Amino acid sequence: MLNGKFAFDLQGAQLLLMLTSCTSLCLGAKPSLVSGKMSVRTLPLVFINLGGEMIYILDQRLRASNTSDDNSEKGVWSENDRKRVMNDIVGTMFSKAFIDELLKPQQLYSHRTLKTVLTRLAHASIMRLNPASMERLYELMVMAFKYQVFLCPRPKDLLLISYNHIDTIREFVKDTPVVVNQVDETHRKIIEVYSSLSEGEFQLLRQTLLIFFQDMHVRVSLFLKNQVQRPTGRFALSTSGPVPHGIEVPGLIRTCNSKGREVRRSEFPTGGSYSSPVREGCFELHGDRVTRLGRNMYTLSHPEETRTSKAPSVKTSDAPNLLAKEELNLLARLMGSMKAENKTKVEAGFQINLFTTDQEEEEAGDPSGAEDSMSGVINIQAMQDEQAATELARIAGQFTEQEEPENPYCNKGDDLLAMMDDL
């Protein structure tokens, strides 16, 4: 097995190859339907901030699964495993060749392309994520960064958010000097590239980010718990607090004469409670960033706070719906002899699948991943009844239209779905 700097360079080369392919696709793609100019300096900040959020979440999940230091229990991540995963991901993420390609002026990638690159990055270590987990992970990453961009006081402060991510990542790998040097070198390049940007270029960068986030409205349990997100998935922004650095507190109107001298002052209601700006954060390699945006918000959180949901939750009663049960029994009688049971029982016969894939069905049937009680769920089992089948065959023979023969090998409720399509 490869290890050390050579392994990081090899994994970074694989990411670099993917990044180059993505760049070629973007350059050959049709122009965006969004009007106006887009920033070509957005991609590096998006990748670093989303990558930072991914590392926060993975670290939190690995710590939650760590119950022993010697990995004596099967399926338990030890502290050494966690550090190894962090070193592998960070070492690949900040490899020199990959960062050099990333910092070239280019258009921002689509969500699908970014998810592919970040999936390859997450799999740069011994850890593996299934597609469903990666989908949830990407949603958490995007919504966290979106919230930080929304709260960013000035467009230039997007750098402070990025530097907070880099500072925290550096702390994760502080015991590995080789990886720390990679992080420091990347940080210096970021400072060199973005320190010369004007206020207008930062505003264009922020506008590009807002366009990138505009269709993402995923509910995050941590945001809902802190009441900063509504059930619709949109953020609830406060109209109070300190104003950005270099800006005066609103509420005052100054009237000047033709010579520019102030002759009158008046006040107006602002609709919020604003205060003087706080001191400006440090934009150097090390220093106090002042803002907390971009720091690890999962440090004191619980594992359940990294869950996402795309639809508002609806509270349901644990008591079974008697009318629904009778309707299911009627459906069973119409289809033959079927028995409604309140317990799961594996038998040969009819199966109704409410999910599009087997994986979703297995996950939904896993008690450890379910939030609601499953005691009120009614399962339908089809049983063979020769007498009922004979009677149904006699009645069916009275119709002039010839029905197609039943496929005995159908699965996942195909017969039931076909019957519903014919209604």
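Visitor: How many aromatic pairs does the structure hold?
Guide: In this predicted model, the structure holds eight aromatic pairs.

Visitor: Take tyrosine 147 and phenylalanine 235, then: how are their rings placed?
Guide: The centres of the two rings, those of tyrosine 147 and phenylalanine 235, are 5.0 Å apart, and because their planes stand at 45°, the pair counts as tilted.

Visitor: And where in the chain do those two sit?
Guide: Tyrosine 147 belongs to helix H6, while phenylalanine 235 lies in the loop between helix H10 (221-225) and strand S2 (241-242), so that the pair links distant parts of the chain, 88 residues apart.

Visitor: Staying with H6, how does helix H2 pack against that helix?
Guide: Helix H2, residues 43-64, packs on helix H6, residues 131-151, at an angle of about 120°, and their axes are 9 Å apart. That angle makes H2 oblique to H6, and the crossing in which H2 passes H6 is right-handed.

Visitor: Which residues meet there?
Guide: From H2 they include Leu45, Val46, Asn49 and Leu50, and from H6 they include Leu137, Tyr138, Leu140 and Met141. By class, the contact of H2 with H6 has 13 nonpolar residues, two polar ones and one charged one.

Visitor: What about H2 and helix H7, at what angle do they pack?
Guide: H2 and helix H7, which covers residues 158-172, pack at an angle of about 40°, with 9 Å between their axes. The two helices, H2 and H7, are therefore oblique to each other.

Visitor: Is the crossing of H2 and H7 left-handed or right-handed, and which residues meet?
Guide: The crossing of H2 and H7 is left-handed. Among the residues that meet are Leu45, Ile48, Asn49 and Tyr56 in H2, and Leu159, Ile161, His165 and Phe172 in H7. Sorted by class, the contact of H2 with H7 has nine nonpolar, six polar and two charged residues.

Visitor: How far apart are the axes of H2 and helix H5?
Guide: The axes of H2 and helix H5, residues 111-122, are 11 Å apart, and these helices pack at an angle of about 45°. H2 and H5 are therefore oblique to each other, and their crossing is right-handed.

Visitor: Which residues make that contact?
Guide: On the side of H2 the contact is made by Leu43, Val46, Phe47, Leu50, Gly51 and Met54, and on the side of H5 by Leu114, Val117, Leu118, Leu121 and Ala122. Of the residues in the contact of H2 with H5, 10 are nonpolar, one is polar and none is charged.

Visitor: Now the strands: how many bridges join S3 to S4?
Guide: Strand S3, residues 252-256, is joined by five bridges to strand S4, residues 262-267, and the two run antiparallel. As one example, threonine 255 has arginine 264 in S4 as its bridge partner.

Visitor: What do S3 and S4 form, and what is in the turn?
Guide: S3 and S4 form a hairpin with five residues between them, and in the turn glycine 260 has a positive phi of about 85°.

Notes: Residues are numbered from 1 along each chain as its sequence is written. This is a predicted model: local features need pLDDT of at least 70, side-chain atom pairs count only at pLDDT 80 or more; totals for chains, interfaces and linings use all residues. Side-chain values use heavy atoms; hydrogens and water are left out. Two strands pair if DSSP finds at least two bridges between them. Helices (H or I, at least four residues) and strands (E, at least two) are DSSP runs, numbered from the N terminus. Axes are lines fitted to C-alpha atoms, for helices over the stretch in contact, and angles run from 0 to 180 degrees between N-to-C directions. Angles under 35 degrees count as roughly parallel, over 145 as roughly antiparallel, 65 to 115 as roughly perpendicular and the rest as oblique. A crossing is left-handed if the near helix is turned anticlockwise from the far one by less than a right angle, and right-handed if clockwise. Contact means heavy atoms within 4.5 Å. Ala, Val, Leu, Ile, Met, Phe, Trp, Tyr, Cys and Pro count as nonpolar, Asp, Glu, Lys and Arg as charged, and the others, Gly among them, as polar. Rings of Phe, Tyr and Trp (its six-membered ring) pair if their centres lie within 6.5 Å; planes under 30 degrees apart count as stacked, over 60 as edge-to-face and the rest as tilted.
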